[in-house]
Amino acid sequence: MDSSCNVKTNVAKTKASSSDIHLVIVESPTKAKTIKKFLPKNFIVQASVGHVRDLPQSAADIPKSVKDEEWSKLGVNVEKDFEPLYVVPKGKTKVINELKQLLKEADTLYLATDEDREGESISWHLTELLKPKVPVKRMVFHEITATAIKRALEETREIDSRLVRAQETRRILDRLVGYTISPLIWKKIAFGLSAGRVQSAALRMIVDRERERIAFRKAIYWDLAAELKKGKEPFDAKLTVVGGKKVAASRDFDETTGKLLDGRDVLLLSEGEAKKLEAKLKGASWKVASIEEKPVSSRPSAPFITSTLQQEGNRKLGLSSRETMRLAQSLYEEGLITYMRTDSPSLSKEALEAARSCVSTRFGKEYLPDSPRVYTSKDKAAQEAHEAIRPAGSEFVHPDQTGLSSKAKELYELIWMRTVASQMVDAQKKSVSVKIEAEDCVFNASGSTIIFPGYLRAYVEGSDDPSAALQDRETILPAMKVGDSVDLSKLESLEHETQPPARFTEASIVRELEKAGIGRPSTYASIIATLVDRDYVRKNGNALVPTYTGMAVTQLMVRHFSDLVDSKFTSQMEKSLDEIAEGKREWLPYLKEFYSGKQGLKQQVDEREKKIDPTESRTLDLPHLKGVEVKIGRYGAYVIQAGKKDNEEVHATIPEDISPADLSADKLQEILELAAEGPKPIGKDPKTGGNIYCLSGRFGPYVQLGEITEEQPKPRRASVPKGVDPRTVTVEQAVTWLALPRELGLHPETKVPILANNGRFGPYVQMGTDYRSLKKEDDVYTIGLERALELINTPKVGRSTAKVLKELGKHPDDEKPLQVLEGKFGPYVKHKSVSASIPKETKPEDVTLEMALALLKERAGQKKGKGKKKG
């Protein structure tokens with residue numbers, strides 16, 4: 001970026017002429033359609049469809065003029081003041097040409113991209129590419145309403161060079177880290193792996209938590225629980241003191257030893273002691289020793305910012321961060337909410353009035369505080385957008401009146417309720433703590449009563465039903481006074497186990513990233529998505545579990561590039577980038593010091609590359625496993641153990657669904673025994689007479705019918721269901737599992753077979769390349785065609801399914817169906833992760849199986865070539 005970044009926008013004080021033609025450029029077609037409703041007919045609104053220029057993504061993108069330059073692999077000329085090499089992404093030339101054509105007819109160009117750094121950057125790139133000769137005006141708004149668009153037209157400004165520079169510096173920094181470290185990881189661990197400025201620090205958090213679980217040692221302790229009655233009213237109490245000494249609880253134990261923490265003067269009850277105490281107290285008299293009551297009030301949470309929206313979207317709606325942001329983007333572009341990438345919780349005067357109006361109308365004036373509640377950001381650098389995520393406009397549209405459905409409506413309702421609740425009065429409660437004595441023991445009973453629900457009537461964090469949540473928050477104790485006797489209904493001794501540190505969920509990792517100052521609101525979703533997409537992290541229910549590959553990458557980074565995965569270092573980088581955006585720091589000296597300095601990234605890589613041992617890098621340090629080595633190979637993790645005969649090593653693949661912390665010595669022995677025995681049939685198939693085997697692979701244990709031969713390179717296989725010990729599998733069980741996939745019939749319209757099968761993520765039905773998971777009530781062995789069609793016809797949440805234009809048959813390599821699909825940029829064919837566009841001169845209906853195979857082969861060769869060039 002050069003001085004041309006300061007594009008003069010000739011800020012207009014007067015309304016645009018009604019006879020002039022004005023071109024307005026936004027990022028997406030949906031946003032264009034919504035904005036168009038608020039503009040006169042002489043305004044043409046067109047979408048750039050995202051970014052129009054970026055750094056090259058592969059060797060094929062690098063212009064021939066600089067291809068031989070060493071720095072071109074980075075896409076940044078580190079020899080010439082870190083000048084970025086910008087290229088137009090594939091498929092964008094047509095869009096650019098259309099914009100240029102429209103600009104020829106226009107008298108003014110309005111750049112209406114998003115108001116954050118990324119949006120500012122897109123506007124600058126547009127001016128660089130379009131080279132407009134007409135006045136250029138930058139219009140910004142944080143909601144798409146008639147009032148906001150009118151104001152934006154009247155208050156246009158210049159492109160903010162500092163925001164553009166900050167975004168460009170961020171992009172260059174990310175590229176330098178990724179493209180300098182990743183090739184080293186390819187050589188030392190496995191090809192195709194990568195590192196990133198922010199993703200590697202986030203991955204370390206998840207890996208560190210897994211290592212905490214590995215180091216965890218369980219402790220067992222006992223206590224007593226009593227069911228008591230005052231009159232006819234029952235209540236519960238828990239043992240807290242025996243003989244003047246507090247009874248040990250989970251907080252009193254060291255997580256790494258399972259023993260009591262030093263200095264904890266508590267009583268650790270054994271099972272025998274607890275049972276003895278139980279027997280003694282059953283005949284005791286029980287009396288109220290003390291009652292403590294105190295008022296408690298709680299304030300509503302601030303309106304949503306990006307991070308809190310992602311957290312609640314995950315907790316309440318089960319959405320991933322990526323799904324939450326995709327839905328929020330749609331709501332924003334449809335004019336229903338304000339801009340969704342923000343770290344400011346503040347509300348405008350207009351929004352405050354709208355929220356207070358909702359409170360007064362829907363809940364009553366007693367729920368309305370005397371003055372509006374004002375929220376400010378804790379982060380001084382908060383700048384993405386300058387208002388919280390809230391319903392758009394001066395009157396909030398009620399969720400039932402939006403016309404939305406499914407998850408989109410649920411997310412909007414969440415935003416609506418949170419915003420309204422933020423302007424309601426505090427919740428008032430009464431907390432009661434009662435101590436009850438029985439001989440030398442003290443039991444504690446706790447109660448809580450809601451005096452006035454306040455904001456809880458509208459919104460309870462982590463709950464999707466405020467009314468039900470209010471009932472859950474109340475524990476009402478019977479009326480008692482000191483000295484009263486109470487009756488014992490039941491007394492039992494209970495065993496407890498301390499629990500390992502909980503794995504991160506998407507909600508908790510976003511909270512942790514925000515707390516550590518890693519990344520920005522616009523990056524949280526992509527950070528998590530990148531870790532999952534690259535198989536560094538997998539999702540087990542809602543938990544984020546590091547894979548063995550993710551553990552290996554972090555292990556290498558911690559040993560050799562610890563700064564890059566240190567949360568404080570990464571946070572400081574974010575602050576430096578903010579300072580560049582604010583004009584408090586110069587970008588070029590910062591980049592030079594980071595990359596080319598004496599302790600710069602290039603120097604570190606050059607010095608350490610030869611010292612890093614690939615064998616050591618591929619071997620995981622898992623201290624809880626003795627006498628074995630866990631290594632990373634081309635197809636995932638495997639274990640090596642010295643054999644009993646002639647010191648012959650036994651190699652066995654570790655199933656991916658066994659996490660590092662859950663890989664116990666017993667589980668490992670089971671895997672090694674199966675591998676050591678080799679393929680040994682468990683019986684014969686009653687129909688074919690072929691051998692049936694139970695084997696273990698990358699995705700866990702499975703049964704197989706027959707052997708691998710030249711005539712049968714891929715024998716029939718089926719996964720062993722979770723919870724079944726592979727060493728006890730019977731022929732009858734195997735035959736049942738091998739009956740899958742079941743063909744249920746043909747789709748009435750497409751005539752494509754509908755199949756039911758078990759997969760890596762559970763049972764599913766399939767039509768061509770379209771898959772749907774079965775519900776809890778469905779059985780993969782009995783589901784019929786009618787129910788399968790019902791599932792297939794249900795849209796996938798948060799994503800659109802590509803329309804099938806033609807069925808071509810099965811791919812000869814794996815017999816997966818091949819189809820011609822309708823895409824954003826035209827028809828294409830796809831096999832696994834390889835997609836190939838159909839030539840423009842070819843109609844989709846004319847595509848043959850042979851033609852599709854040739855296109856895919858050519859495309860796969862291009863991708864392979866690009867990967868090699870990168871190294």
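## Close-up views of a predicted model

**View 1. Lys31 and Asp114 meet in a salt bridge.** The side chains of Lys31 and Asp114 pair up here, with N to O at 2.7 Å. Lys31 sits in helix α1 (residues 29-36) and Asp114 in the loop between β5 (108-111) and α3 (117-130), so this pair ties together parts that are 83 residues apart in sequence. A salt bridge here means a side-chain nitrogen of Lys or Arg within 4 Å of a carboxyl oxygen of Asp or Glu. Helices (H or I, at least four residues) and strands (E, at least two) are DSSP runs, numbered from the N terminus. Lys31 has 0% relative accessibility and counts as buried; Asp114 is buried as well, with a relative accessible area of 4%. Buried means under 20% relative accessible area, exposed means over 50%, and partly exposed lies in between (1.4 Å probe, protein chains only).

A word on the model itself: it is predicted, so local features need pLDDT of at least 70 and side-chain atom pairs count only at pLDDT 80 or more, while totals for chains, interfaces and linings use all residues. Residues are numbered from 1 along each chain as its sequence is written, and side-chain values use heavy atoms, with hydrogens and water left out.

**View 2. Lys31 and Asp114 also belong to a network of salt bridges.** Stay with Lys31 and Asp114 and look for their partners: Glu27, Lys31, Asp114, Asp116 and Arg341 are linked in a network of salt bridges. The structure as a whole holds 49 salt bridges. Side chains of opposite charge can pair when their charged atoms come close.

**View 3. Lys280 and Asp440 form a salt bridge.** In this pair, N to O is 3.7 Å. Lys280 is partly exposed, its relative accessible area being 40%. Asp440 counts as partly exposed too, at 38% relative accessibility.

View 4. Now follow the chain to Val397, which is ten residues from Glu387 in sequence and 18 Å from Glu387 in space, C-alpha to C-alpha. Val397 belongs to the loop between α10 (349-362) and α11 (406-421). With a relative accessible area of 31%, Val397 is partly exposed.

**View 5. Four acidic residues gather in a patch of negative charge on the surface.** The members are Asp68, Glu69, Glu70 and Glu79. Patches are made of residues with over 30% relative accessible area and no salt bridge; like charges are joined within 9 Å, and nonpolar side chains (Val, Leu, Ile, Met, Phe, Trp, Tyr) within 5 Å. Glu79 sits in the loop between β3 (76-77) and β4 (83-84), and at 61% relative accessibility Glu79 counts as exposed.

View 6. Phi of Asp81 is near 50°, a positive value in a residue other than glycine. Phe82 is in this loop too, with phi near 55°. Are these residues buried or partly exposed? Asp81 is partly exposed at 42% relative accessibility, whereas Phe82 is buried at 2%.

**View 7. The peptide bond from Leu740 to Pro741 is cis.** Its omega is near -5°. Look for Pro741 in the loop between α21 (731-738) and β24 (742-746).

**View 8. Ser571 and Gly517 have C-alpha atoms 4.8 Å apart.** Along the chain, these two residues are separated by 54 residues. Ser571 is part of helix α16 (residues 567-581). With a relative accessible area of 10%, Ser571 is buried.

**View 9. Cys441 and Cys694 are two buried cysteines.** Cys441 has a relative accessible area of 1% and is buried; Cys694 counts as buried at 10% relative accessibility. How many disulfides are there? The count comes to zero, taking a disulfide as a pair of cysteine sulfur atoms within 2.5 Å.

Technical notes: Areas by Shrake-Rupley, 256 points an atom, 1.4 Å probe, with all protein chains shown as cover. Lys, Arg positive; Asp, Glu negative; His and termini not counted. Charge placed at Lys NZ, Arg CZ, Asp CG, Glu CD.
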